[in-house]
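Subject: Structure handover

Dear colleague,

Here is the structure for you to look through. My notes follow below it.

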Amino acid sequence: MSIEDNIRKVVPYVPGEQPQKKVIKLNTNECPYPPSPKVIKALEEADWGRLRLYPDPKSEALNEAIAWHYGVESSQVFTGVGSDDVLSMLFLTFFAGDKPILFPDITYSFYDVWAEVYRIPYQTRALKEDFATDPADYYGENGGVVIANPNAPTGIYEGLSFITDILDHNKDSVVIVDEAYIDFGGETALPLIKQYDNLIVVRTTSKSRALAGMRIGYCFGNERLIKYLNDVKYSINSYTMNYPAIIAGKASMEDTEYFLETVNRVKQTRSETGEKLRELGFTFPDSQTNFIFAKPPEPFEAKDVFERLKEAGIYVRHFNKPRIKDYLRISIGTDDEMMMLINTLKGLLKRK
Ligand code: PMP
């Protein structure tokens, strides 16, 4: 017996690099534009003396702004320190049974980490060859289902009938739909929370609202589910949402115009970048997100291209995993950044 026997050992999630030097950063799906000027103004006008006080444990101002923006009740909203925190609380709250939870083999790589750390039994279901998700893989007894829609890192969006199909076949377990990227394409499952008392829809301000650094995520579900979630949150840390985050998140929710403008710019750049990547021989599924999951043309290897881009000061993401090792996940940056990427790729692809 040693202290080692009592230590919870986990293989942690590996986040994309955050280099401190100036590089073209297309590796963590951040927004290339700043947050709404109204967010900056609200922070400038904040009463910083209030930092001596604990923040509102209910983060009411933020939850109400979210509820107002989405046309739901604030009792149907839960906020957390990024959607990573929200998802972690969801796993802890709703996956307390003995049956395995289900999620795809290729999806957000934090899901299996939370399952491991909370000792939740889980099984993965293989995506089809073209990375599409088969709803039938999620029929049958289980302890819960987690679906990112659009999926990451593939960028593929499955229609709402796919979600209702999974919901209809899982009346006895909670279905989490992670919509981190939904603002960039596809239709949200949010209205379905009225019909389905087993649905949770997760969102983030990190991608489409340019607030990754502030750490604000949220989810929607019926009042009963949100109450269970809050009970667990208050059993761990009441003060998850700090004062600046409450102010910034609220201001962001109140500026729909800027939000839509930013999202549309990213979508426009995505479509132009897609065309140029295709001309260079890259292949990729249609993206409904702020990234493109692209395979370099033969004989070039994704890992090689990833490393050469890095040497050139352009960071993209490469996952060294069996089914996806031939792909690069490229976040959509500004038009200038994408032009630099394309020009650098042109140089690299000539050389072999
Ligand atoms: N879900 C998915 C599918 C993601 O790709 C990410 C980003 N890494 C997150 C959730 C977490 O984002 P955040 O914690 O910044 O809200």
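Helices (H or I, at least four residues) and strands (E, at least two) are DSSP runs, numbered from the N terminus. This is a predicted model: local features need pLDDT of at least 70, side-chain atom pairs count only at pLDDT 80 or more, and totals for chains, interfaces and linings use all residues. Residues are numbered from 1 along each chain as its sequence is written, and side-chain values use heavy atoms, without hydrogens or water.

H2 spans residues 60–70. Its buried residues are Leu62, Asn63, Ala65, Ile66, Ala67 and Tyr70. Buried means under 20% relative accessible area, exposed over 50%, and partly exposed in between (1.4 Å probe, protein chains only). These buried residues of H2 pack against strands E2 (77–80), E7 (199–204) and E8 (217–220), and against H7. Contact here means heavy atoms within 4.5 Å. Gly71 follows H2 and has a positive phi, near 65°.

H7 covers residues 243–253 and holds Ser252. Ser252 counts as buried because its relative accessible area is 4%. Beyond its neighbours within four places in sequence, Ser252 contacts Val39, Arg209 and Leu211.

**The ligand**

The residues around the ligand are Gly82, Ser83, Asp84, Leu87, Tyr108, Asp178, Ala180, Tyr181, Thr204, Ser206, Lys207 and Arg215. Each has a heavy atom within 4 Å of the ligand. Helix H3 (residues 82–94) gives the largest share of this shell, four residues.

For Ser83 the distance is 2.6 Å. For Tyr181 it is 2.7 Å. For Arg215 it is 2.7 Å. The protein covers 92% of the 400 Å² of accessible area that the ligand has on its own. Accessible areas come from the Shrake-Rupley method with a 1.4 Å probe; for residues, only the protein chains shown count as cover.

**Phe91**

H3 also contains Phe91. Phe91 counts as buried because its relative accessibility is 0%. Leaving out neighbours within four places in sequence, Phe91 touches Ile101, Tyr111, Trp114, Ala115, Tyr118, Ile120, Val146 and Ile176. Phe91 and Gly144 are 53 residues apart in sequence, yet their C-alpha atoms are 9.1 Å apart.

**Backbone points to check**

Most residues other than glycine have a negative phi, and most peptide bonds are trans. Which peptide bonds are cis? One runs from Asn149 to Pro150, with omega near -5°. Another runs from Ala152 to Pro153, with omega near 5°. Pro150 is in the loop between strand E5 (144–148) and helix H5 (160–168). Pro153 is in the loop between E5 and H5 too.

Arg119 is not a glycine, but its phi is positive, about 55°. Arg119 sits in the loop between helix H4 (111–117) and strand E4 (122–125). Arg119 counts as exposed, at 61% relative accessibility. Phe131 also has a positive phi, near 75°. Phe131 lies in the loop between E4 and E5. Phe131 is buried, at 6% relative accessibility.

Best wishes

Technical notes: A polar contact is a pair of N or O atoms within 3.5 Å; within protein, one must be able to donate a hydrogen and the other to accept it, and residues adjacent in sequence count only if both atoms are side-chain atoms.
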